[in-house]
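Here are my notes on this one, in the order I'd go through them. Have the model open while you read.

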Amino acid sequence: MQFDFLLCSERSGSNLITKIIDSHPDICGPFPRHAVNLFAVNYYKYGDINNNSNWEILVNDLAAFMNSGFSIWKSKVTAEMIFKNVKIRSLAEIFKYIYEH
C-alpha cells in the first residue's frame with residue numbers, strides 16, 4: 001500500500017482537495033483528524049512507552065480520539081485492535097496501522 005500525505009496550511013483548501021481525491025474508487029482520502037499534530041506535540045507526556053501502563057494510556061487516548069466523532073471515517077479502530085496488531089511500540093507504527101486499516 002502506498003501512502004501519500006497532503007500537508008497544507010490551515011484555510012488553504014486541503015479538505016476540499018482531500019474529498020475530491022477520496023471520490024476516486026482506488027484512493028482513500030479520510031477527513032483529517034489532526035491527530036498526528038496533536039499526539040506528536042504531546043508524545044513526551046506519555047513517558048517511556050516501553051512501560052506497559054504508558055503504552056496503554058497512549059493507545060487508549062489515541063483510539064478514543066480517532067473515534068470521537070469529530071469526523072466520519074469508513075472504519076473504526078479500537079484500542080484492542082491496536083494492541084493486537086501494532087508490534088513495535090511507536091507513534092509512527094500506530095498511525096501506520098490506523099491508515100492501513
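1. Start with the inside. The largest nonpolar core has 19 residues, and Phe39, Leu58, Leu62, Ile82 and Ile94 touch the most other members. A nonpolar core here is a set of buried Ala, Val, Leu, Ile, Met, Phe, Trp, Tyr and Cys residues joined through side-chain atoms within 4.5 Å. Buried means under 20% relative accessible area, exposed over 50%, and partly exposed in between (1.4 Å probe, protein chains only). Two or more residues each come from helix H2 (35-42), helix H3 (52-66), helix H4 (79-85) and helix H5 (91-100). H3 gives the most, with six residues.

2. A word on provenance. This is a predicted model: local features need pLDDT of at least 70, side-chain atom pairs count only at pLDDT 80 or more, and totals for chains, interfaces and linings use all residues. Residues are numbered from 1 along each chain as its sequence is written, and side-chain values use heavy atoms, with hydrogens and water left out.

3. What does Leu62 contact, leaving aside its neighbours within four places in sequence? The partners are Phe39, Leu91, Ile94, Phe95 and Ile98. Contact means heavy atoms within 4.5 Å.

4. Now the aromatics: there are two pairs in the structure. The rings of Phe39 and Tyr46 are stacked, because their centres are 6.5 Å apart and their planes are at 20°. Phe39 and Phe65 form an edge-to-face pair, 5.8 Å centre to centre with 70° between the planes. That pair links distant parts of the chain, with Phe39 in helix H2 and Phe65 in helix H3, 26 residues apart. For the cut-offs, rings of Phe, Tyr and Trp (its six-membered ring) pair if their centres lie within 6.5 Å; planes under 30 degrees apart count as stacked, over 60 as edge-to-face and the rest as tilted.

5. Phe39, Tyr46 and Phe65 form one aromatic cluster. Phe39 counts as buried at 5% relative accessibility, and Tyr46 counts as buried at 13%. Phe65, at 23%, counts as partly exposed.

6. Overall fold: the protein chain has five helices and zero strands. Helices (H or I, at least four residues) and strands (E, at least two) are DSSP runs, numbered from the N terminus. The C-alpha atoms fill a box of roughly 40 × 25 × 25 Å along the principal axes. Of the 101 residues, 28% count as buried. Among contacts between residues at least 6 apart in sequence, 54% join residues at least 24 apart.
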